[in-house]
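Please consider the structure shown here.

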Amino acid sequence: MLGICRGRRKFLAASLTVLFVPAVTWIYLFAGSFEDGKPVSLSPLESQPHSPRYTASSQRERESLEVRMREVEEENRVLRKQLSLAQSRSPVHHRGNHSKTYSMEEGTGDSESLRAGIVAGNSSECGQQPAVEKCETIHVAIVCAGYNASRDVVTLVKSVLFHRRNPLHFHLIADAIAKQILATLFQTWMVPAVRIDFYDADELKSEVSWIPNKHYSGIYGLMKLVLTKTLPSNLERVIVLDTDITFATDIAELWAVFHKFKGQQVLGLVENQSDWYLGNLWKNHRPWPALGRGYNTGVILLLLDKLRKMKWEQMWRLTAERELMSMLSTSLADQDIFNAVIKQNPFLVYQLPCFWNVQLSDHTRSEQCYRDVSDLKVIHWNSPKKLRVKNKHVEFFRNLYLTFLEYDGNLLRRELFGCPSEADVNSENLQKQLSELDEDDLCYEFRRERFTVHRTHLYFLHYEYEPASDNTDVTLVAQLSMDRLQMLEAICKHWEGPISLALYLSDAEAQQFLRYAQGSEVLMSRHNVGYHIVYKEGQFYPVNLLRNVAMKHISTPYMFLSDIDFLPMYGLYEYLRKSVIQLDLANTKKALIVPAFETLRYRLSFPKSKAELLSMLDMGTLFTFRYHVWTKGHAPTNFAKWRTATTPYRVEWEADFEPYVVVRKDCPEYDRRFVGFGWNKVAHIMELDAQEYEFTVLPNAYMIHMPHAPSFDITKFRSNKQYRICLKTLKEEFQQDMSRHYGFAALKYLTAENNS
């Protein structure tokens, strides 16, 4: 209960309100599960996810949840300000005795109150200062390995960023895969006042590999034990989180709990909310030793400096060695060893209030926590079933999780006012480039897009591929948005080789894609397809940025630069590998052209040979690509010669030529100034020609464009005069840049454009 300063009714009212609002908010949110005064079951067995009622209700709840959270957050901010003002006006009365009451919300460690009411339910006194300074950096450690865990980390980080008001320093213990993914993600996310450091998890394997572990987290589930050695020696304290955590409050509140530690308390943990360590879940169940119910290690507060002085490393190793003699292996990874150490040394632990780790496993008793605590702080999906876990109120928690899962991460790029960010060279260069643009220029938005940094999540799904040892391997490269998703399965059936795809999606669409892919037997059977998510930002489709992202992340020496609307002929992958050897692509600057055709029929009996394709051409079932609207784009391929050709033949560059080609992976990137529709491939082929690439048409290769509705960008091009004017301006500027870069040889591009 809050200590009341005498004679200040205003202070009393504000104090009571700060305690009352979270409780009312919880009742309001919980009341959302009632309709017409009758309780609505939240059981997943009774509320089917595919029913119209479920879909509409869940959608409305997810959409309103974020709004409600922000409203409550703002109300609490105002009330805290009022409370602070009331405190500053109130004289401090020193009394010999201060009465205090202790509730389950305070934990069982230090009974000293937290400052300024940072944690609801704990006591405070007049005149106290906040336990966390305004710009104090909060340190968070996370162990992350693999593709799936990297996705989970993003949702966790979003929930932390959404509520935070302090600078953050994430310490990520990651394997090579997670480091590549997350390093690119945070570099392109560019969130102010956030610092990221990586520690090589593979180098730590030898520290814990001697411990047999049956937990699904594998060897990485043991690495929290060695954080005292891994993290910097000058780092005194850190919050350690599992990847399946969702925050529902400002992490500074948890950081403030460190001030309640006293004596030899060095570990802050929440009691385990299942009967696992009581050993009564099934017959002959024999868990590791623990103090009572034991403690869950999904959320840990570590006092690193004291742990080092206590020789933590030696302590846990000796305990693990002793227990393994009888237990043989761990069942819950690091958690078993932490509990065994605490069993022998109970003075080490400060028991956190249960709301700091509400555990949603199958055997959880967490309802006893959130039934009694009005202000939940952290949700922990500590079951291999994750969102499919059985829990009476799982729908409420799932909607909270989905709020952050689908939340637009770009909105989290907000500054912390009053807390200067560390100087970042990339950010400074970006601001300088943007400041040099003329905002009154009618083509300003086109020019700005060239410098936009799009948040990028590489390898969104599991990827596993080793290129062929003969150095002939070819990766198909393409880009797409949500409206072309249906092409993926067909392409995978036509092309058995590796594929690199850049997908332009929103956060919500990325989750739709994930569900689509996981439900597709064709896509799930392919581990050689790299899916790279480039998150939406701005008003244009950044087609050439997407191509560059897909090109950059291939592992083969050659790539086939295609588009998602094309189906390659059956067997093209093997044919191209043979052509690479035949035409000595490794030692010559060649661009091998795959002739492009199209059909206007949505259902097509795909030709299985060149002879069959020629027959369909003659019958009018197929056409040369864009012959009726943009002949110049593919005319230099010389389709008349291709009909009878049996050997590769060379063709010359002509204005507006934009074939689909196979090149070495070191070829030039696409020019980012071209976005949406128009000149995006033409400019790239022009640059290949300027660099003296030889264009060679393959006589027995072909690809067919499948029909689809016009894209939004081509619609804008056709209907918007300013769009066409800006595209013409960008073309002229590109040609001028070519002349400056390649000199006299580039004059032919200006001449060809004037004559076309």
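Q: What is the mean pLDDT of the protein?
A: This is a predicted model, and 79% of its residues reach a pLDDT of 70 or more. Over residues 1-14, however, the pLDDT is below 50, and it also stays under 50 over residues 83-106. Where pLDDT is low, the predicted coordinates should not be read in detail. For the protein, the mean pLDDT is 82.

Q: How are helix 3 and helix 12 oriented to each other, roughly parallel or roughly perpendicular?
A: Helix 3 covers residues 146-163 and helix 12 covers residues 394-405, and their axes lie 8 Å apart. The angle at which they pack is about 90°, and angles of 65 to 115 degrees count as roughly perpendicular. Helix 3 and helix 12 are therefore roughly perpendicular.

Q: Which residues in helix 12 does helix 3 meet?
A: Helix 3 contributes Asp152, Thr155, Lys158, Ser159, Phe162 and His163. By class, the contact of the two helices has four nonpolar, three polar and two charged residues.

Q: Does Glu694 count as buried, partly exposed or exposed?
A: Glu694 is found in strand 24, residues 694-697. Leaving aside neighbours within four places in sequence, Glu694 is in contact with Lys589, Lys590, Ala591 and Arg650. Its relative accessibility is 24%, whereas buried means under 20% and exposed over 50%. Glu694 therefore counts as partly exposed.

Key
Residues numbered from 1 in each chain as written. Predicted model: local features only at pLDDT ≥ 70, side-chain atom pairs only at ≥ 80, totals over all residues. Heavy atoms only, no water. Axes fitted to C-alpha atoms, helices over the stretch in contact; angles between N-to-C directions. Helix = DSSP H or I, 4+ residues; strand = E, 2+ residues; numbered from the N terminus. Parallel < 35°, antiparallel > 145°, perpendicular 65-115°, else oblique. Contact = heavy atoms within 4.5 Å. Nonpolar A, V, L, I, M, F, W, Y, C, P; charged D, E, K, R; others polar. Buried < 20%, exposed > 50% of the residue type's maximum accessible area, 1.4 Å probe, protein only. pLDDT = per-residue confidence, 0-100.
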